[in-house]
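Q: Please take a close look at the pairing of aromatic rings in this model. Describe the pairs step by step, and then go on to the parts of the chain and the sites that can be discussed alongside them.

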Amino acid sequence: MRALVIVDVQPDFCPGGSLATERGDHVARLIGGFVDSDVAQATNYAAVVATQDWHIDPGSHFSDEPDFVDSWPRHCVAHTEGAELHPALRDVDFDALFKKGQYEAAYSGFEGTFEGESLAHWLRSSGITAIDVAGIATDFCVRATVLDGLKENFEVRVLTGMCSAVDPQRGDAALAEMEAAGAQLI
Ligand SMILES: [Zn+2]
């Protein structure tokens, strides 16, 4: 069985947000439409889940002088508008929302928890062996989620048209890295 895993589609990662990616809103709308599409119906996802960057006090992950590699402007502060799901996804009936990064940087959705349960455990206990991944940002949290998914022995596909990068060139390099690690790019 296959699940759809939507990574960090949050207003702070979209134009107007504190850590915007250029295609963020576009990708959010595409994903919002995809969930109800014939393609998604045909794929017959056993579950649709999302991850959220959800910072309370993540230490050096935030900086007033960010390097945009290891440190970043403040973003996705828990319970703020910028940390909510993007409005284009608010009608999606997610089976679970995995929050990550409360007290430290957490790029991979597999570091997130929902009601105390990790993503890998939740997926396995739902009988899921394969995941399709889309979201933000291709070169950071999508990349980390895909690589961790492979390490956790899930079959992983990346829905490349529905991913948005911080840096498009770095995003393309990240996709190549994911493919080399065993993910299927579709
Ligand atoms: Zn973060």
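**Aromatic pairs and their surroundings**

A: This predicted model contains seven aromatic pairs. One of them is formed by Phe-34 and Tyr-45, with ring centres 6.3 Å apart and planes at 65° to each other. The cut-off for edge-to-face is an angle over 60 degrees, so the pair is classed that way. Its two partners come from distant parts of the chain, 11 residues apart. Phe-34 belongs to helix α1 (residues 24-35), while Tyr-45 sits in the loop between α2 (38-43) and β2 (47-53). Phe-34 has a relative accessible area of 11% and is therefore buried. The value for Tyr-45 is 14%, so Tyr-45 is buried as well.

Another pair consists of Tyr-107 and Phe-140, whose centres are 5.9 Å apart. The angle between their planes is 40°, and the pair is described as tilted. Tyr-107 is in the loop between β3 (96-100) and β4 (113-114), and Phe-140 is in helix α4 (residues 138-151), so the pair ties together parts that are 33 residues apart in sequence. Tyr-107 has a relative accessibility of 21% and so counts as partly exposed. Phe-140, at 14%, counts as buried.

Lys-99 lies over the face of Trp-54, at 4.6 Å from the ring centre.

Phe-140 leads on to its helix, α4. This helix is mostly covered, with 11 of its 14 residues buried. Besides Phe-140, the buried residues of α4 include Thr-138, Asp-139, Cys-141, Val-142 and Ala-144. Further along α4, Thr-145, Val-146, Leu-147, Gly-149 and Leu-150 are buried too. Strands β1 (2-7), β3, β6 (130-136) and β7 (155-164) are among the elements that cover these buried residues, and so is helix α5 (168-180). Just after α4, Asn-153 takes a positive phi of about 70°.

Strand β6, named above as part of that cover, contains Asp-132. The relative accessible area of Asp-132 is 0%, so this residue is buried. Its side chain makes a polar contact of 2.7 Å with the side chain of Arg-2.

Asp-53 (OD), His-55 (NE2), His-61 (NE2) and His-75 (NE2) coordinate the zinc ion at 2.1 Å. In sequence, the spacing of these donor residues is D-x1-H-x5-H-x13-H. The angles subtended by the four donor atoms run from 90 to 165°, and the arrangement is therefore irregular. Asp-53 has a relative accessible area of 3% and is therefore buried. His-61 counts as buried because its relative accessibility is 4%.

Technical notes. Residues numbered from 1 in each chain as written. Predicted model: local features only at pLDDT ≥ 70, side-chain atom pairs only at ≥ 80, totals over all residues. Heavy atoms only, no water. Phe/Tyr/Trp six-rings, centres within 6.5 Å; stacked < 30°, edge-to-face > 60°. Helix = DSSP H or I, 4+ residues; strand = E, 2+ residues; numbered from the N terminus. Buried < 20%, exposed > 50% of the residue type's maximum accessible area, 1.4 Å probe, protein only. Lys NZ or Arg CZ within 6 Å of the ring centre and 35° of its normal. Contact = heavy atoms within 4.5 Å. Donors = N, O, S within 2.8 Å, 3.2 Å for Na, K, Ca; no water. Tetrahedral: all angles 85-135°; square planar, octahedral: opposite > 155°, others 65-115°. Polar contact = N/O pair within 3.5 Å; in protein donor to acceptor, adjacent residues only side chain to side chain.
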